[in-house]
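Reader: I've just opened this one and I'm new to it. Could you talk me through how its parts get their labels?

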Amino acid sequence: MTGFVVWVDFRLKPGARDSFRKLVDANATASARNEAGCRRFDVTEARGEPDRVVLYEIYDSEAAFDEHCRTAHFDEFNTQSAPLVDIKLVTICDLVLEATP
């Protein structure tokens, strides 16, 4: 099994979580529903850290991720969420095992 994995760790400005979540949830939903190369798009919140949201995304390939970055819904999310974010850390990984029950 191969895949292209993206972890995005957002540290939000205080009080921005609700607005950010509306934007990121819409982006995640559109990605999972409409992008053939998007296998998974999870939005997580760190326990005890109300201003931290971490995304876990799996794509079939880096090219599929590049396509994601060119979609209208990604552009809207990226533009509108930027003022809500203090720090954005991106980690790129190769999927080496996808264990499922």
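This is a predicted model: local features need pLDDT of at least 70, side-chain atom pairs count only at pLDDT 80 or more; totals for chains, interfaces and linings use all residues.

Reader: What makes a residue of α1 count as buried, and which ones are they?

Author: Buried means under 20% relative accessible area. In α1 that label goes to Phe20, Leu23, Val24, Asn27, Ala28, Ala30 and Ser31.

Reader: Why do you say they line one face of the helix?

Author: Look down the axis of α1: the buried residues fall within an arc of 165°, so they line one face. As a rule, an α-helix has 3.6 residues a turn, so residues three or four places apart point the same way. The face of α1 turned away from the buried side carries Asp18, Lys22 and Arg33, which are exposed, meaning over 50%.

Reader: What do the buried residues of α1 pack against?

Author: Their partners include the strands β1 (4–12) and β4 (85–94), and the helix α3 (72–81).

Reader: Which strands are called edge strands, and why?

Author: The open sheet has 4 strands in the order β2-β3-β1-β4, with antiparallel pairing. β2 and β4 each pair on one side only, and that makes them the edge strands.

Reader: How do you know that β2 and β3 pair?

Author: Pairing takes at least two bridges, and 7 bridges join β2 to β3, so they count as paired. Across from Arg40, you'll find Ile58 in β3.

Conventions: Residues are numbered from 1 along each chain as its sequence is written. Side-chain values use heavy atoms; hydrogens and water are left out. Buried means under 20% relative accessible area, exposed over 50%, partly exposed in between (1.4 Å probe, protein chains only). Helices (H or I, at least four residues) and strands (E, at least two) are DSSP runs, numbered from the N terminus. The arc is that of the directions from the helix axis to the C-beta atoms. Contact means heavy atoms within 4.5 Å.
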